[in-house]
Structure formats: C-alpha cells, structure tokens
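Me: Hi! Could you walk me through this model while I have it open?

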Amino acid sequence: MIADRACQKIYDKITTKARDLVKVAQEIETEYEIPIANKRITVTPISLIAAASKDKDYVKYAKTLDKAAETLGIDFIGGYTALVNQENGLDLINSLFN
C-alpha cells in the first residue's frame with residue numbers, strides 16, 4: 001500500500017536526519033550552561049505528502065510522526081498541518097475528528 005510505504009519513508013527520514021538532535025542539544029546545554037526547553041523538529045505539511053497516496057485517512061501519518069518523536073526523544077514534532085486552500089487540506093482537517 002502506498003500510504004504504508006510513505007509512512008515508513010517519513011519515519012526513516014526523520015529518525016535518520018534528526019538522530020543526534022537531543023544529544024547535540026544536551027551538549028549545547030552543558031557547554032553554554034543554558035537550558036534548551038524544547039527539542040523539536042518540523043516537517044513539510046503532511047497533507048502535501050499524504051495527498052500523493054490518495055488515502056483519505058491521515059491518522060496513520062500522525063501516528064508515524066508520534067512514533068518518530070518518541071524514538072528520538074524529542075518534545076515536539078510539527079508538520080501535521082495542511083494548506084487549507086487545497087482539497088487535500090480538508091482530508092487532514094477531517095482526520096482530526098477520528
């Protein structure tokens with residue numbers, strides 16, 4: 001299924017590119033003696049990526065982002081968003097009620 005493959009690719013890319021985020025943030029905290037309140041990343045609006053799958057259920061994308069954030073130990077992952085002037089933006093908004 002296209003959506004499952006897309007979710008796996010999203011997870012893999014996030015966990016690969018940001019794998020050292022928390023470690024580096026902790027090193028900066030130690031070196032400069034300042035707390036970094038949030039370890040966070042942001043991705044391309046998921047509505048744009050999910051629209052390519054033709055899937056109307058975007059919840060699996062939200063769960064993928066949550067899983068990546070948990071794996072990395074980060075506080076916040078942004079990107080479960082939509083450009084609401086596009087049709088696929090409504091699919092993401094509707095997924096918020098599932």
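**A chat about the model**

Reply: Happy to. H2 is followed by Glu33, whose phi is positive, near 55 degrees. This is a predicted model, where local features need pLDDT of at least 70 and side-chain atom pairs count only at pLDDT 80 or more, while totals for chains, interfaces and linings use all residues. Residues are numbered from 1 along each chain as its sequence is written, and side-chain values use heavy atoms, with hydrogens and water left out.

Me: Where is Glu33 found, in terms of H2 and E1?

Reply: Glu33 sits in the loop between H2 and E1. Helices (H or I, at least four residues) and strands (E, at least two) are DSSP runs, numbered from the N terminus.

Me: Is Glu33 buried or exposed?

Reply: Glu33 counts as exposed, because its relative accessibility is 71%. The cut-offs for relative accessible area are under 20% for buried and over 50% for exposed, with partly exposed in between (1.4 Å probe, protein chains only).

Me: Zooming out, how many helices and strands does the protein chain have?

Reply: There are five helices and two strands, running α-α-β-α-α-β-α from the N terminus on. The C-alpha atoms fill a box of roughly 45 × 25 × 20 Å, taken along the principal axes. Of the 98 residues, 34% count as buried. Among contacts between residues at least 6 apart in sequence, 68% join residues at least 24 apart.

Me: And which residues have the most contacts inside the largest nonpolar core?

Reply: Those are Ile14, Ile46, Tyr61, Ile74 and Ile77, in a core of 20 residues. H1, H3 and helix H4 (59-72) each supply at least two residues of this core, and H1 gives the most, with six. A nonpolar core is a set of buried Ala, Val, Leu, Ile, Met, Phe, Trp, Tyr and Cys residues joined through side-chain atoms within 4.5 Å.

Me: What does Ile46 touch?

Reply: Not counting residues up to four places away in sequence, Ile46 touches Ile10, Tyr61, Leu65, Gly79, Tyr80, Thr81 and Leu92.

Me: New topic: how much space lies in the largest pocket?

Reply: About 190 Å³. A pocket is an open set of points on a 1 Å grid over the protein atoms alone, where a 1.4 Å probe fits, with protein on both sides within 12 Å along at least five of seven lines; lining residues have an atom within 4 Å of a point. The volume is the space filled by probe spheres set on the points.

Me: Which residues lie nearest its centre?

Reply: Ile10, Lys13, Ile14, Val43 and Ile49, out of 13 lining residues. Helix H1 (2-17), strand E1 (40-42) and helix H3 (46-51) each supply at least two residues of the lining. The largest share, six residues, comes from H1.

Me: Last one, is Arg5 buried or exposed?

Reply: Arg5, in helix H1, counts as exposed at 57% relative accessibility. The C-alpha atoms of Arg5 and Lys54 are separated by 13 Å, and the two are 49 residues apart along the chain.

Definitions and conventions
Contact means heavy atoms within 4.5 Å.
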